[in-house]
Structure formats: structure tokens, C-alpha cells
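These are my notebook entries on one protein chain.

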Amino acid sequence: MAINSTLVMKKLVLVILVLCFWFPLSNGHPFKICKFDRIYQLGDSISDTGNLIREVPIGASTAFARLPYGQSFFKNATGRCSNGLLMIDFIAMAAGLPLLPPYKDVNGDFRHGVNFAVAGSTALPSEVLAGKHIISPVTTSSLNVQLDWMSTHLNSICTNHRDCAEKLQHALFMVGEVGGNDYNYAIFQEKTMDELRDMVPEVVNAIMDGVRQLNEFAMFHNEELKQSIHKLKQEKPNAIIVYGDYYKAYQFLLQFAKKQGFDTQRACCGSGGKYNFNMIRMCGAVDATVCSDPHRYMSWDGVHLTQEGYKIMAAWFTGRTAGGAAATRTSSSQRPGKNEISTRMI
């Protein structure tokens, strides 16, 4: 029987669970108290672990498919847009789970989750952007496509709704970052600021529609979405909703990095100049060079963070500062019950 992911989720009380991050453990990472056994990720290059490089025809020809991407941890390119691990990798490790395989990996082991994120993807479908005369130059695997992939995957592992509820009761769903590329492409294609502002409600609605299919929630891009959170709380009174502030996490990263003496201005990999960044000759170009100490840099290629940068941000999101102390968050006193799916959006 085909299983619609929307219907499956409606059978369950959905919780954005961060409660477990505040319970102290005598040993190990506090994230492990959540006892997640699967993680599902949707998003863009901040989270892609290898989907774009497997897409035809452009994937294998992108810079992400070859060194120096991946050089610091994997010693080869995996499709991650960094020199090594991403936030989702550190989150999986903190939960005691294997690194998430990309959905496009035909040999992937999906027993502990799947990564559906695609570098360059958008919140709005490519045909909607095309109607605004905005070309999505990298991929057409937008958020709605990734949600379709997730539905297909659930159909493959579940026999019915009850079976899915049992299999997903300890799963963590992560959505984002997503939506930034919608604006990036508009800017690169010389759209005006008024045209960009006009796009915001549609981008927001595209994300909201995707979130509703999973009945989960979190931080989006602007004040309009903060108002949407209040509305969704009224729609889902049984859900524990947490606003995950990606911008604050990045602010924490910059403040921490400056205090610790990291280079927060220049890209480690690039083609020279004050910031070692050139949009036309980015990391991977013939004349691009790589710094000898990427662990001292926050920016890898001028667009994406280094492994060290993602490590610090992941520590912030999972309730630990980079120095090991518990990070301060806002939490709810309500505890999750049986068959509640734990979800988090960043």
C-alpha cells in the first residue's frame, strides 16, 4: 500500500524536540539522551552530503566533485561543500549514528536515515522561479522534490501507517537551511530589491507548505515567518515548537572564532585578493589555492564554512558550546510521549 508521508505524520503528534539537550549526562554528549535512531535531512549545500554530484548532467562537473573539497577529513571529494564534515555530520556523530548517506547513492545504507539535501536547491520549484524569469542554474531538486523523495523512501520502508509510526518514533527530521538560493539567484540575475521583496511571501509559503507536510516547524528567514510561527502554534496546540535561530548560531560562531583567533574574514580556498574570494574564480578553479591550515579558518570557499566552522555551529545547535559547556536555549517543560516524532529545523 502506498504511504503518503503527510498522512503518516498526521497520525502522530509531532514534536520539535530539544528537551533532551538540557538534561545533563555524566558521560558522553547530551544529544545521545534523545536516543535518535534515524535522521532525515532536507536542504541545500549547507547539508548536502553527495546528492548534487550524482545528478545528471551537471553534478559530476561541479567543483564539489573534486579536491580540494573534502580534503581535510575524507581525503577525497564526497559532494560536501566544505573541506570536511558538515553540521549534519557532527549532529549524526553526536547522536551516535553513522554519517547520513545521500539519497542519490544507490549503494547507500539507509537504516539510520537519509540525506535528501541538494546543493544549489531552492524553496520554490524551478518552474515557479522560471515564471519570474529567474533561472535555477545548478539543480531542479527544490524542496518539493526532496519531499517527494522522502515520501518515496517512506513507501519503501513502511508497510502501513502503524508500521511507519513505529519505525519513525525515534527519528529526527531536519529541514534547512533552505530558501537562501532563491534570493541568491535573483540577485545574481540582477533583480531589483522590490522584486526580491515580492518573492519573500512565496518563498516563505513554499517552506511552510513543506513543513506542513511533515507537521514540523522552526526558524525561517524573517519577521513574517515569526508571525507564522504563532499561527502554526494555534493550528498545532499539541506540538512543542522551538524557534531555531540560524543567524544567532552564526553570530555565536563569529564571536567565538574571533576570541579564539580564527580567521573570520578570508576564505581558505580561493583565487586571491583581500578576502581570497572571486565569484568568477572560486575554489576549485585552476588558479585557486588552498591555505595550509584550514582548521584556523571559518570560511572555506567564501560561501560555505570550513569543517571547523560547521563543528562550532553544530555544537551550538546540539546544546553544547565549542568549549564543552552547555549552551543556553529556550525549552518547554512538556515531555514527548510514545510515537512522537522528534524534529528540528535549522
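Entry 1: I began with cysteine 268, which a disulfide joins to cysteine 291, S to S 2.0 Å. I count a disulfide as a pair of cysteine sulfur atoms within 2.5 Å. The torsion about the S-S bond of cysteine 268 and cysteine 291 is about -90 degrees, so this disulfide is left-handed. Cysteine 268 lies in the loop between E5 and strand E6 (269–270), and cysteine 291 in the loop between strand E7 (289–290) and E8, so the pair ties together parts that are 23 residues apart in sequence. Helices (H or I, at least four residues) and strands (E, at least two) are DSSP runs, numbered from the N terminus. I noted that both cysteine 268 and cysteine 291 are buried. Buried means under 20% relative accessible area, exposed over 50%, and partly exposed in between, with a 1.4 Å probe and protein chains only.

**Entry 2: the basis of the values.** The model is predicted: local features need pLDDT of at least 70, side-chain atom pairs count only at pLDDT 80 or more, and totals for chains, interfaces and linings use all residues. Residues are numbered from 1 along each chain as its sequence is written, and side-chain values use heavy atoms, with hydrogens and water left out.

**Entry 3: the other disulfides.** How many disulfides does the structure hold? I found three. Cysteine 269 and cysteine 283 form one of them, with their sulfur atoms 2.0 Å apart. Its S-S torsion is about 85 degrees, so it is right-handed. This pair links distant parts of the chain, with cysteine 269 in strand E6 and cysteine 283 in the loop between E6 and E7, 14 residues apart. Cysteine 269 counts as buried because its relative accessibility is 0%; cysteine 283 is buried at 5%. Cysteine 158 is joined to cysteine 164 by a disulfide, S to S 2.0 Å. The torsion there is about 80 degrees, so this disulfide is right-handed. Cysteine 158 and cysteine 164 are both buried.

**Entry 4: helix H9.** I then turned to helix H9 (residues 246–259), which has 14 residues. From its first C-alpha to its last it reaches 20 Å, close to the 20 Å expected at 1.5 Å a residue; the expected span is 1.5 Å times one less than the number of residues. Which residues of H9 are buried? They are Tyr246, Ala249, Phe252, Leu253 and Ala257. Seen down the axis of H9, these fall within an arc of 125 degrees, so they line one face of the helix; the arc is that of the directions from the helix axis to the C-beta atoms. An α-helix has 3.6 residues a turn, so residues three or four places apart point the same way. On the other side of H9, Tyr247, Lys258 and Lys259 are exposed. The cover over the buried residues of H9 includes H2, strand E5 (263–267), strand E8 (297–299) and helix H10 (307–317). After H9 comes glycine 261, whose phi is positive, near 85 degrees.

**Entry 5: threonine 62.** I located threonine 62 in the loop between strand E2 (38–42) and helix H2 (87–94). Is threonine 62 buried or exposed? It counts as buried because its relative accessibility is 11%. Leaving aside neighbours within four places in sequence, threonine 62 is in contact (heavy atoms within 4.5 Å) with Leu52 and Ile53.

**Entry 6: the whole chain.** I recorded 10 helices and nine strands in the chain. Buried residues make up 55% of its 346 residues.
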